[in-house]
Amino acid sequence: MNFKIIAKYIKNLHFDIFKPEDFLSLSKNISNYKFKIDIKSSRYKDNIIEVLTTLSLNPKEPDLKIINASATYSALVELNKDLTDKNILEEIILIKVPNEIYPSLRKIFIFIFENSGFKEIKIDEKKDFKKLYLSKKN
């Protein structure tokens, strides 16, 4: 194996609904919002990188209220010292690590929404990170 996740934790969590009317509007129009996934990485130590996977809620249309809802999950990933292939590194960062941490990130996001009164929240149970990676690469 070329990598090993040595730690994972919630790095950032935002959930702000500023006014009651924002809550009511979001409750009625939740289907007009989409979930977005963003993945970033940075070097932490010699052969350790941090992979940040962020799940956020964004309006599909510009006239909808913006709700500050996002969760960022951090994974510290130890890489084989002899790993030099950039394609394999990309695959680890953009496919393998997100596949492993997505269920936890999804669970956190659903917990926050459900405990904030949004019982009808629907987030894909599985994400095809390989498909997302290939579509962005092409």
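Q: How many bridges join β1 to β4?
A: Twelve, and the two strands run antiparallel. Strands here are DSSP runs (E, at least two residues; helices are H or I, at least four), numbered from the N terminus. Two strands count as paired if DSSP finds at least two bridges between them.

Q: Before I go on, what kind of model is this?
A: A predicted one: local features need pLDDT of at least 70, side-chain atom pairs count only at pLDDT 80 or more, and totals for chains, interfaces and linings use all residues. Residues are numbered from 1 along each chain as its sequence is written, and side-chain values use heavy atoms, with hydrogens and water left out.

Q: OK, back to β4. Which residue there is the bridge partner of isoleucine 10?
A: Tyrosine 73.

Q: And what joins β2 to β3?
A: A hairpin, through two residues. Twelve bridges also link β2 and β3, which run antiparallel. For one spot to look at, serine 42 stands opposite glutamate 50 in β3.

Q: So in what order do the strands sit in the sheet?
A: The order is β1-β4-β3-β2, in an open sheet of four strands with antiparallel pairing. β1 (3–16) and β2 (33–45) each have a single partner strand, so they stand at the edges, and one side of each has no neighbour in the sheet.

Q: What's the pattern along the sequence?
A: β-α-β-β-β-α-α. That's three helices and four strands in the chain.

Q: New topic: where does lysine 60 lie?
A: In the loop between β3 (48–59) and β4 (68–79).

Q: And what span does the chain have?
A: Its C-alpha trace spans about 55 × 30 × 20 Å along its principal axes.
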